[in-house]
Amino acid sequence: MTAQILDGRAQSAAILDRVEKEVAAFVAAHGRVPVLATVLVGDDPASHTYVRMKANRCAKVGMQSRRLELDASISTETLIETIRELSADPEVDGILLQHPVPDHIDERAAFEAIAPSKDVDGVTRTSFAMMAFDEGGFRSATPGGIMALLDAYDIPLAGRHAVVVGRSPILGKPVGMLLLARNATVTYCHSRTADLGDHVARADVVVAAVGRPALIKGDWIKPGAVVVDAGYADNSGDVEFEPAAERASYITPVPGGVGPMTIAVLIDQTMRAAQAREAAHAGDLTSAEK
């Protein structure tokens, strides 16, 4: 068996083509361009690359990307105040705090300063809760991208056993909730799980989200399983690609799988945030006229 590639580049391009049309219609209707504010703390080269990629994708669909670069020595309090100002800024539709931030900063406190209505990266507790309870809100961008990729290939999830390897609050935990909402049976594992290979070997769907190259061995993969590799370190994923691809039915490449989908979902959710803000504004005007 040779796995079919889950092509994140092709599927993300389809999403961005749709969003480009939606942006044009939005500008024609409201006379303004949707705005994504990106906040970057410090000089991490990878973070700068990610933010630049997101800005390029925004430009491609006709959105504006407002980039704020802050010194690595900034305090948590100052970062929170900056994010609160963006949350209150009527010209900003979505806010992205590029992570990770420097170690001395309370990242969770900074995330929570983002207004839920502008949390287009899906990192706040409110977004997680609304997603887990299927009450709307914004999905964490990478889990949202994973689900969109699975849907693009019509991969059934109901009744299947999904093993999520990873437990971060913006990737492992939320993707498990999304799979559960689609009637998959979900097992959470992580780098310290005993007999990790045994758990993976029973999975119909494997989502790897640790960031440790080759943590998941190819011969662990159940024949016919779907493998989604969301890990990334040293230009490699969490899964041994070649041997896994010989056993899986579908597999994501690294790079070119989950990464492009993450950016596409971020931009798509910025579009939805802008539309929701305009709808709320129109509702406020209607109420004021009564």
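**Figure 1. Helices α5 and α7 in the predicted model.** α5 passes α7 in a left-handed crossing. All views in this set of legends show a predicted model. The axes of α5 (residues 125-132) and α7 come within 9 Å and cross at roughly 20°. Angles under 35 degrees count as roughly parallel, and α5 and α7 are therefore roughly parallel to each other. On the α5 side the contact is made by Phe 128, Met 131 and Ala 132, and on the α7 side by Lys 173, Pro 174, Met 177 and Leu 178. Sorted by class, the contact of α5 with α7 has six nonpolar residues, no polar ones and one charged one.

**Figure 2. Helices α6 and α7.** Helix α6 spans residues 141-152 and helix α7 spans residues 172-181. The two pack at an angle of about 35°, and their axes are 9 Å apart. α6 passes α7 in a right-handed crossing. From α6, the residues Pro 143, Gly 144, Ile 146, Met 147 and Leu 150 take part. They meet Pro 174, Val 175, Leu 178 and Leu 179 of α7. This contact of α6 with α7 holds eight nonpolar residues, one polar residue and no charged residues.

**Figure 3. Helices α1 and α2.** Helix α1 is made of residues 8-30 and helix α2 of residues 45-61. Their axes lie 8 Å apart, and the packing angle is about 55°. α1 and α2 are therefore oblique to each other. Leu 16, Asp 17, Val 19, Glu 20 and Val 23 are the α1 residues in this contact, and they meet Arg 57, Lys 60 and Val 61 in α2. The residues of the contact of α1 with α2 divide into four nonpolar, no polar and four charged.

Figure 4. Most peptide bonds are trans. The bond from His 99 to Pro 100 is cis, with omega near 5°. Pro 100 has its place in the loop between β4 (94-97) and α4 (107-112). Glu 107 lies in helix α4. Leaving aside residues up to four places away in sequence, Glu 107 touches His 99, Pro 100 and Val 101. Its relative accessible area is 25%, so Glu 107 is partly exposed. The C-alpha atoms of Glu 107 and Leu 180 are separated by 27 Å, and these residues are 73 residues apart along the chain.

**Figure 5. The cis peptide bond at Pro 255.** The peptide bond from Val 254 to Pro 255 is cis, and its omega is near 0°. Pro 255 is placed in the loop between β9 (250-251) and α10 (258-289).

Figure 6. Most residues other than glycine have a negative phi. Ala 214 is not a glycine, but its phi is positive, at about 60°. Ala 214 lies in the loop between β7 (205-208) and β8 (226-229). With 27% relative accessibility, Ala 214 counts as partly exposed. Asn 235 also has a positive phi, near 65°, in a residue other than glycine. The loop that holds Asn 235 runs between β8 and α9 (241-245). Asn 235 counts as partly exposed because its relative accessibility is 47%.

Figure 7. Asp 204 is found in the loop between α8 (196-201) and β7. Buried means under 20% relative accessible area. The relative accessible area of Asp 204 is 18%, so Asp 204 is buried. Not counting residues up to four places away in sequence, Asp 204 touches Arg 160, His 161, Lys 222, Ala 225 and Val 226.

**Figure 8. Two annotated spans of the chain.** In an unreviewed UniProt entry, the annotation "domain: Tetrahydrofolate dehydrogenase/cyclohydrolase catalytic" covers residues 6-121. Over residues 6-121 the chain is 51% helix and 16% strand. The end C-alpha atoms of residues 6-121 are 22 Å apart. The UniProt annotation "domain: Tetrahydrofolate dehydrogenase/cyclohydrolase NAD(P)-binding", also from an unreviewed entry, covers residues 140-276. Residues 140-276 are 38% helix and 15% strand, and the end C-alpha atoms of this span lie 18 Å apart.

Notes:
Residues are numbered from 1 along each chain as its sequence is written. This is a predicted model: local features need pLDDT of at least 70, side-chain atom pairs count only at pLDDT 80 or more; totals for chains, interfaces and linings use all residues. Side-chain values use heavy atoms; hydrogens and water are left out. Axes are lines fitted to C-alpha atoms, for helices over the stretch in contact, and angles run from 0 to 180 degrees between N-to-C directions. Helices (H or I, at least four residues) and strands (E, at least two) are DSSP runs, numbered from the N terminus. Angles under 35 degrees count as roughly parallel, over 145 as roughly antiparallel, 65 to 115 as roughly perpendicular and the rest as oblique. Contact means heavy atoms within 4.5 Å. Ala, Val, Leu, Ile, Met, Phe, Trp, Tyr, Cys and Pro count as nonpolar, Asp, Glu, Lys and Arg as charged, and the others, Gly among them, as polar. Buried means under 20% relative accessible area, exposed over 50%, partly exposed in between (1.4 Å probe, protein chains only). UniProt positions are given in the numbering used here, feature names are shortened, and annotations may be inferred rather than shown by experiment. A crossing is left-handed if the near helix is turned anticlockwise from the far one by less than a right angle, and right-handed if clockwise.
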